[in-house]
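Here is a walk through a two-chain model, written for someone who likes cut-offs spelled out. Have the coordinates open as you read.

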Amino acid sequence: MAASQLLRRSFTSLIDYFEHPSFREGAERLYRARILIALLLTFSALLALTLIFQRFSGLHVHSHGRSELLSPVMFVGNMVLLLVMRWRGSYKFCCAAAIVLAGAAVFLGLIASGGVRGSPMMQLLVAPLLMAYFFGGMRWGTSALLTICVTVGGLAIAEWRGVSFPQNPGALADRDGLQILACFLGAATVSAIACIFEFTAAKLKKERDTEHGKMVALAQTDALTGLANRRSFDAYLSRQIATRGTYRFALCYLDLDGFKPINDQLGHEIGDEVLRVVSTRLRAAIRASDLVGRPGGDEFMILLESTSTRADLEIMAQRTRESIGKPINTSLGPVKVGVSMGFAVFPDDADAIGALKKAADTAMYIAKHDRTGWSFYDRHSSSAAVVAKGMVPVSLLPDGGGNP
Amino acid sequence: MSDKVSPNFIGNIAMKANKKLINLSSIVDYFVHPSLAVETDRLHRARILITGLLFNELAIGAITVALAILPFPFMSKLVGIPICLSIGITTYFLLAMLHRSGNYLLASVASILMSFLAILAGILVSGGAAKSPAAQLLAFPPLLAYFFGGARWGGYIVAVTFATIAIFYLLTVNNFQFYDASDGDNAPLSRIFVGMITMLLASGMAYIYEYRSAELKRERDLEQRKVDRLAHTDTLTGLANRRNFDAELCDRIARYRSVGPQRCFALGYLDLDGFKPINDRHGHDVGDEVLQVISDRLRYALRSSDFVGRHGGDEFMLILDALQGESLVGKKAEDLLQLIGSPMQTSVGELSITGSLGFAIFPTHAQDAERLKNAADKAMYAAKRNRSGWSYFESDVV
């Protein structure tokens with residue numbers, strides 16, 4: 001475990017070493033540049049291994065002089081490209097050069113080992129092609145595809161016209177093994193690049209989803225307190241009403257008493273501090289299944305799930321009132337606010353969103369007027385009493401009243 | 001995290017596809033189960049899978065017909081036709097499943113395994129991995145698996161492919177004789193042919209990946225822009241929100257201070273009078289309408305170097321550039337108050353509302369944002385108290 005971590009970290013720092021500072025300007029560029037560096041490093045390591053293998057195994061005795069030169073040249077080319085990446089930071093140039101280098105190596109190998117008809121190198125032609133697609137996008141990929149097709153066609157025609165490509169005697173001897181080795185290398189290259197592609201797409205998808213989540217969160221919450229804003233609270237409420245049938249729940253309208261003087265005398269900053277503290281206390285006072293929203297100003301709304309009896313609601317109201325009534329420490333010293341709550345129960349008091357909200361609002365006005373702290377909506381007594389006292393606007397009455 | 005995307009993403013993709021290939025796309029859409037359409041990436045991959053399966057079905061059909069009609073050896077017909085028929089029927093069932101229950105993962109894994117088995121069978125009847133041109137196609141199942149099954153299934157299939165190659169190698173080294181149905185003469189040609197097919201398939205896959213990445217990048221940037229906009233504007237009125245306004249105020253003060261004493265601006269605090277009764281009498285919706293109309297009027301009244309934000313509730317803040325002196329400010333204030341006070345049409349008929357404005361001048365009254373805002377706030381309260389409409393900050397106003 002520790003060893004693999006160490007290996008990974010050292011590989012990452014090796015990649016970091018070859019990075020030019022200019023790559024850091026764009027996340028996408030940095031990502032692709034790092035993959036290019038990793039690819040060049042892997043190639044170099046593989047080539048170095050091949051060189052060592054050639055030096056110490058008996059294979060070089062059989063092989064042709066020309067094909068043996070290929071590996072050192074490729075190795076030097078890769079190294080030069082890595083250094084160019086580090087010093088000049090020319091990403092595009094290095095991409096193109098790496099693709100051309102890989103393509104040239106495959107073609108030289110193809111020519112040195114029997115041409116298109118016999119060479120196992122045919123299977124490696126997809127490597128430069130996929131590299132071109134990944135690093136250069138559609139345009140480079142298409143040009144690479146065309147180039148490869150034309151070159152292979154040219155070689156096939158040359159062979160057909162009688163040009164003979166020298167066969168490596170060693171390779172001829174172990175032809176089947178090399179064929180399968182090439183098959184493996186082809187599959188490995190394609191898999192590696194498919195993995196990189198898939199990883200890129202997954203990364204982008206995750207970023208998109210994160211941004212989308214942020215967007216949804218911003219659109220649904222009140223920026224000051226982090227509670228649900230009016231629109232999302234209304235949406236939640238109407239969803240509840242639509243899905244609950246006759247299952248009971250309570251809606252509570254909550255208005256702060258004595259908030260306006262604080263706001264006016266001590267300034268908005270202090271008012272905001274008070275609202276934040278009140279939101280935190282409200283959130284602590286409710287259960288996880290309930291929802292608090294802030295429609296604006298010093299008003300709050302609470303949706304209380306499966307709270308059916310008045311006794312339950314009274315306990316909750318008492319608790320909330322005590323918790324909010326405690327002194328609030330602001331940067332200008334402690335202040336105190338009170339609270340008035342109005343409850344309406346679905347579906348007893350109202351069974352539509354507008355009527356339910358009006359019922360809770362009416363109950364809240366009564367609580368405020370009578371200074372009782374909280375009150376329950378009563379269809380029969382309160383509307384008449386309220387109108388008689390003249391304290392609630394007529395339009396607030398759930399039976400329609402003056403709403404035009 | 002929610003996987004749902006607003007429907008217009010999907011609409012856009014469908015529209016774009018429709019423009020290009022109207023017939024194919026409607027056939028493909030027929031097989032898409034509604035549960036696949038909740039997320040663009042899944043929808044896109046499912047559509048590609050369906051397209052692949054449809055082409056597979058067509059090709060298998062053509063091959064079956066060719067095997068049946070053309071004069072192939074009897075043995076080829078005996079082996080080939082049942083194989084083709086079983087692949088065709090499996091493909092049909094996968095398509096039907098995608099249409100009926102939308103089980104994308106099962107369909108994709110089954111397709112990948114099918115392609116792998118087909119290639120394996122091809123290699124086995126044409127001389128093993130060392131001789132068969134079909135060996136080049138072994139790179140294809142991992143590619144498919146990465147695309148349709150994600151990193152996990154990609155890894156599994158890569159392991160299976162490598163193991164298969166290793167077994168072929170061991171068998172070849174031990175001189176195992178594979179059955180070879182092909183005639184040896186055409187081997188090099190078919191090798192080139194298969195090589196070309198491999199390259200075309202790989203290009204197609206790379207194309208799809210690049211396209212998909214570009215699409216995802218676009219969607220991500222779109223979401224980023226939305227987040228940006230939401231974070232900086234008030235959703236109701238589209239004006240700058242409080243945080244954005246405060247940032248602009250601090251920024252402007254820093255800028256003007258560095259330029260020199262000649263730059264100045266007036267900070268205006270606007271509070272609507274009689275907004276709460278409107279909200280209470282006609283409901284929040286009408287209140288929102290009023291706020292929107294006022295915001296539009298403010299935006300209309302301001303010059304491009306001015307800045308306006310909504311501070312929450314019925315309060316607005318204004319930066320009026322290069323405005324100084326009581327008479328100039330007074331003239332501007334009268335204009336603004338007249339504009340705000342003129343009657344407006346709402347859904348419940350004509351309403352009118354007035355405002356109180358308080359002004360403080362940078363750098364005369366205060367040098368930093370906090371004090372400047374306090375000064376403007378005090379001036380606004382003075383205006384409200386005196387019912388004078390607007391007022392100019394004086395240090396003795398409390």
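Two strands count as paired if DSSP finds at least two bridges between them. Strands here are DSSP runs of E with at least two residues, helices are runs of H or I with at least four residues, and both are numbered from the N terminus. As for ground rules, this is a predicted model, in which local features need pLDDT of at least 70 and side-chain atom pairs count only at pLDDT 80 or more, while totals for chains, interfaces and linings use all residues. Residues are numbered from 1 along each chain as its sequence is written, chains are lettered from A and ligands numbered from 1 in the order in which they are written, and side-chain values use heavy atoms, leaving out hydrogens and water.

**Strand S4 of chain A**

Let's start with S4(A), residues 299–305. Strand S2 of chain A (residues 249–257) is joined to S4(A) by seven bridges and runs antiparallel to it; within that pairing, A:Leu251 has A:Leu303 as its bridge partner. Strand S3 of chain A (residues 291–296) also pairs with S4(A) in the antiparallel sense, over four bridges, and here A:Gly293 sits opposite A:Met301. S3(A) and S4(A) make a hairpin with two residues between them, and A:Gly297 in the turn has a positive phi of about 55°.

Why is S4(A) largely enclosed by the rest of the structure? Because seven of its seven residues are buried, where buried means under 20% relative accessible area, exposed means over 50%, and partly exposed lies in between (1.4 Å probe, protein chains only). In a regular strand the side chains alternate between the two faces of the sheet. In S4(A), both faces are covered: A:Glu299, A:Met301, A:Leu303 and A:Glu305 are buried on one side, and A:Phe300, A:Ile302 and A:Leu304 on the other.

**The sheet in chain B**

Over in chain B, five strands form an open, mixed sheet in the order S2-S3-S1-S6-S7. Its edges are strand S2 (307–312) and strand S7 (390–392), each of which pairs on one side only. Neighbouring strands are turned by 20° against each other on average, ignoring direction; axes are lines fitted to C-alpha atoms, for helices over the stretch in contact, and angles run from 0 to 180 degrees between N-to-C directions. Helix H9 of chain B (residues 242–259) packs on this sheet, touching S1, S2, S3 and S6, and its direction makes about 140° with that of S2(B). Contact means heavy atoms within 4.5 Å.

Strand S6 of chain B (residues 354–362) runs parallel to S7(B) and is joined to it by three bridges. B:Leu357 has B:Trp390 as its partner there.

B:Lys373 lies in helix H13 of chain B (residues 369–386). Its side chain makes a polar contact (N or O atoms within 3.5 Å; within protein, one must be able to donate a hydrogen and the other to accept it, and residues adjacent in sequence count only if both atoms are side-chain atoms) with the side chain of B:Asp246, at 3.0 Å. Beyond its neighbours within four places in sequence, B:Lys373 also touches residues including A:Glu269, B:Tyr269 and B:His311.

| Residue | Relative accessibility | Class |
|---|---|---|
| B:Lys373 | 9% | buried |
| A:Cys149 | 28% | partly exposed |
| A:Cys195 | 31% | partly exposed |

There are zero disulfides (cysteine sulfur pairs within 2.5 Å) over all chains. For A:Cys195, the nearest cysteine sulfur belongs to A:Cys95, 19 Å away.

**The interface**

The contact takes 69 residues from chain B and 62 residues from chain A. About 5900 Å² is buried between the chains, with carbon and sulfur atoms giving 65%; buried area is the accessible area (1.4 Å probe) that two parts lose on being put together, summed over both. In chain B, B:Met199, B:Glu210 and B:Arg220 lose the most area to chain A, together 11% of what that side buries.
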